[in-house]
Amino acid sequence: MKPEQALKKLTAQILKNDVFIGNEQIINGKNTMAKFSQRDLKSINQVFNKQRTWWPSFKTRNYALKPATNDDYRSDTLKKQLEARLNQLNKKLKAPKDAYAYIENGDLKVSKSEAGKQYDVKKLMRVYDKQEYNSEIYLPVQLLIPIKADSKIVKDETSALKKLMTRQVSYKVQDKSYDFKASELIKKANVSANMKITVDSSELKNKVAEINKNQSTLNKRFNFKTHSGRTLSIQGQSYGWALNVSKETTRIKKALETGKESLKAYNVYGVGYSTYGIGYHNTTNNGIGTSYAEVSIAEQKIWIYKNGKLVISTDVVTGRHDTNEDTPKGLWYVMYKESPSTLEGSEAGNAHYSVKVDYWAPFTMSGCGFHDASWRRNWKKDAYLTQGSGGCVNTPPSVMKTVYDNLEQNEPVVIY
């Protein structure tokens, strides 16, 4: 046979384009004509020349030849069909199970790998790209191989988890520090494909919740020593703080996962005008601090302290008692200050009022606060019983500026 005859035969070749994995046909392809043309004669001549030998030989040799013109059906259409078919078959086949390292009940363990039946699509597609230009396409069986327990990947996971279990985070809440030891608090953990450690935070959350229960002050009672030296138990109202347990747990969890050794509490919340935990930074005087306003309803008097020193004391008139408009008792905080201001609201005998004051420092969301009361004529000690305010602390205009200047936003207001 001459090269020209071989070319003629190749040009007339019909390709079935059936695809087999091993002996199993997975694609019944569309018949196409081979793409050989006159451009391939040179390559055919080269193959013929390779067959010439000096001495007779009975050895069989195979030669592969692809057409110079690209076969779009095989390189594009059939290739996409093959990849889609393999992925479709894999959905019904058993997947292999990789071995992996993990923490369970505080112990380091390694799971066993299990072989599966799914095809390794990436490998098969690479083999397809290199397949010979035959009428039918036969690909070898290539299955996904699971990661074995003795693999480098699992050894690295084991090493990472061992390192994790030696870590601890020092967690500071106000002036107290707590140790979060991984060996004591991590019961479950695993390592993802990119070596990222993920920790079950259940035990961490329990410890943060216990710290919050014991140390937070929101809605709790405060021991308070009055100007006279008497110790009272005051119910916290708007004043006080608590930890956001979920957010703080997440921070500690991340610190253990990444190796950070210390944290300060950050997600602290409260109630009232400011939702940040008011009083968090006060660690003296049972959490009240040394700068505060003290209001005695029985004595109808207030005392303003700055850094532990009394700066002003004055008689006042508090909320009207006979109409149940008493100034609310408890531990509050100065929400803000405004000078001048217009007060609007209602009180017994006055469905709606609007009055201007020079100084205003509210401490409740319902509108109770310190303010001057130029309209008041009765400043007697018993005035509050039947002629008191609508709940505010009426302060004589002559001293109100000094009171106002010494009140600070977010500082405690103790009323008893």
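This report describes aromatic pairs, charges over rings and salt bridges in a predicted model.

**Aromatic pairs**

The model contains 12 aromatic pairs. In one of them, the ring centres of Phe-224 and Tyr-292 are 5.4 Å apart and the planes meet at 85°, so the arrangement is edge-to-face. Phe-224 belongs to strand β12 (residues 221–225) and Tyr-292 to strand β17 (residues 292–296), so this pair ties together parts that are 68 residues apart in sequence. Phe-224 has a relative accessibility of 0% and counts as buried. Tyr-292 is buried as well, with a relative accessible area of 10%. Another edge-to-face pair is formed by Phe-363 and Phe-370, with 5.4 Å from centre to centre and 65° between the planes. Both Phe-363 and Phe-370 are buried. Ring pairs also join Phe-224 and Tyr-292 with Tyr-305 and Tyr-416 in a cluster.

**Charges over rings**

Arg-74 is placed over the face of Tyr-133, at 5.2 Å from the ring centre. Arg-74 is also among the residues touched by Gln-131, together with Lys-66 and Ile-137, when residues up to four places away in sequence are not counted. Gln-131 itself is located in the loop between α4 (121–130) and β7 (137–139). With a relative accessible area of 13%, Gln-131 is buried, because the limit for that class is under 20%. Elsewhere, Lys-337 has its charged end over the ring of Tyr-404, 4.4 Å from the centre of that ring.

**Salt bridges**

The structure holds 11 salt bridges; the table includes three of them.

| Salt bridge | N to O distance |
|---|---|
| Asp-129 and Lys-79 | 3.1 Å |
| Arg-251 and Glu-248 | 3.1 Å |
| Lys-401 and Asp-405 | 2.8 Å |

Asp-129 is partly exposed at 41% relative accessibility, and Lys-79 is partly exposed with a relative accessible area of 26%.

Arg-251 and Glu-248 both lie in helix α8 (residues 245–258), where they are 3 residues apart, about one turn of the helix. Arg-251 is partly exposed, with a relative accessible area of 24%, whereas Glu-248 is buried at 0% relative accessibility.

Lys-401 and Asp-405 are 4 residues apart in helix α10 (residues 397–406), so about one helical turn separates them. Lys-401 is partly exposed at 45% relative accessibility, and Asp-405 is partly exposed at 38%.

Terms used
Residues are numbered from 1 along each chain as its sequence is written. This is a predicted model: local features need pLDDT of at least 70, side-chain atom pairs count only at pLDDT 80 or more; totals for chains, interfaces and linings use all residues. Side-chain values use heavy atoms; hydrogens and water are left out. Rings of Phe, Tyr and Trp (its six-membered ring) pair if their centres lie within 6.5 Å; planes under 30 degrees apart count as stacked, over 60 as edge-to-face and the rest as tilted. Helices (H or I, at least four residues) and strands (E, at least two) are DSSP runs, numbered from the N terminus. Buried means under 20% relative accessible area, exposed over 50%, partly exposed in between (1.4 Å probe, protein chains only). A charge sits over a ring if NZ of Lys or CZ of Arg is within 6 Å of the ring centre and within 35 degrees of the ring normal. Contact means heavy atoms within 4.5 Å. A salt bridge is a side-chain nitrogen of Lys or Arg within 4 Å of a carboxyl oxygen of Asp or Glu.
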